[in-house]
Amino acid sequence: MREPQVALTIAGSDSGGGAGIQADLRAFTMHGVFGASVVTALTAQNTVGVHGVAATATEFVAAQLDAVLNDLPVVAVKTGMLATPSTVELVAAYAPRLPGLVVDPVLVATSGDPLFTGDVATAYREKLFPHATVVTPNLHEAGVLLDRKVSTVDDMRAAAEDLAATGARCVVVKGGHLPGTDAVDVVWLDGVVSELTAPWVNTRNTHGTGCTFASATAALLAKGASVREALTGAKTYVNESLRRSAAWRLGAGSGPVGWPD
Ligand SMILES: Nc1ncnc2c1ncn2[C@@H]1O[C@H](COP(=O)(O)OP(=O)(O)O)[C@@H](O)[C@H]1O
Ligand SMILES: Cc1ncc(COP(=O)(O)O)c(N)n1
């Protein structure tokens, strides 16, 4: 009898199915990894926007973490929307029990709506990032975390370096909001800065790309990939997923990202 690899997502629910827990479990399944989920918030959300947020009580996030970690052999973890500073601090307190930790510091939805309250940026930088294997802010999130504008590839390189000073093993500043011939992400890994590129896909249907990138990375770590291999694999997976969603129309706003054929 063989145990499947288990990955855990600690994130918010997207009722529209494009991002959050729903995107994470889809990416885990597509990689052949069993997914457990700790729900930090409910969002009333669709492709157009976020119409409501109900954060889970911190004690109940802890109850879910205990239930999962006391029973299942979790080998990699992805965090998404953590909603409040106290949830970020709680997850940091559990970090010794969270292997292969990919932290996607979700702050805003593709629609521009905020997905947090309070000073989560400080909690992320000071409490959670020091435990992370990989941290994956987008341009806007890197800007909020560092309290300055991050809008060019040079800015992304400097941001990756400065965020790595928090103690994270690897930082990926994602360039999905910087259109060009290629989609360029900047990677700081063990002191070396490099670029992760893939062809730009011309589509509005990008809702959930960040969640999918981070959860595919966690799934590949769960399967034994190195950090570099996991990031390269996740980038290809997101690119193929975007190609699928470029060919569909779903919802009136920024439609959900798909999955590879
Ligand atoms: N239109 C696109 N074409 C190709 N890659 C994209 C596109 N949009 C986003 N990506 C890629 O998807 C991943 C998620 O990035 P991004 O969209 O910046 O994150 P977020 O969803 O957190 O805002 C990155 O690897 C980024 O380069
Ligand atoms: C519950 C939830 N979590 C995360 C996101 C960010 O989505 P994206 O992957 O597009 O940055 C979202 N819109 N909703």
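A crossing of two helices is called left-handed if the near helix is turned anticlockwise from the far one by less than a right angle, and right-handed if clockwise. In this structure, the crossing of α2 and α3 is right-handed.

Some ground rules before I go on. What we have is a predicted model, where local features need pLDDT of at least 70, side-chain atom pairs count only at pLDDT 80 or more, and totals for chains, interfaces and linings use all residues. Residues are numbered from 1 along each chain as its sequence is written, while chains are lettered from A and ligands numbered from 1 in the order in which they are written. Helices (H or I, at least four residues) and strands (E, at least two) are DSSP runs, numbered from the N terminus.

Back to the helix pair. The axes of α2, residues 58-69, and α3 come within 10 Å and cross at roughly 30°. Axes here are lines fitted to C-alpha atoms, for helices over the stretch in contact, and angles run from 0 to 180 degrees between N-to-C directions. Angles under 35 degrees count as roughly parallel, over 145 as roughly antiparallel, 65 to 115 as roughly perpendicular and the rest as oblique. So α2 is roughly parallel to α3. On the α2 side the contact is made by Thr 58, Val 61, Ala 62 and Leu 65, and on the α3 side by Ser 86, Thr 87, Leu 90 and Tyr 94. Contact means that the C-beta atoms of two residues, placed from the backbone, lie within 7 Å.

Next, burial. A residue is buried if 20 or more other C-beta atoms lie within 10 Å of its own, exposed if 12 or fewer, and partly exposed in between, with C-beta atoms placed from the backbone. In α3, the buried residues are Thr 87, Val 88, Leu 90, Val 91 and Ala 92. They pack against β1, β2, α2, β4 and α4. Helix α1, residues 20-30, is mostly covered, with 8 of its 11 residues buried. Among them are Gly 20, Ile 21 and Phe 28. The buried residues of α1 pack against β1, β2, β4 and α7.

Two residues have a positive phi without being glycine. Ala 83, at about 70°, is in the loop between β4 and α3. Asp 190, at about 50°, is in the loop between β8 and β9. Which of the states, buried or exposed, applies to Ala 83? Ala 83 counts as buried, because it has 26 C-beta neighbours inside 10 Å. Asp 190 is exposed, because 9 other C-beta atoms lie within 10 Å.

Last, the ligands. A residue is near a molecule if its C-beta atom, placed from the backbone, lies within 6 Å of it. Around ligand 1 there are 19 residues, and the closest are Asn 138, Lys 174, Gly 176, Ala 183 and Gly 210. Elements giving two or more residues to this shell are β8, α7 and α8. Helix α8 has the largest share, 4 residues.

Ligand 2 also has 19 residues around it, and Gly 12, Ala 19, Gly 20, Ala 109 and Gly 210 come nearest. Here the elements giving two or more residues are β1, β2 and α7. The most, 4 residues, come from β1.
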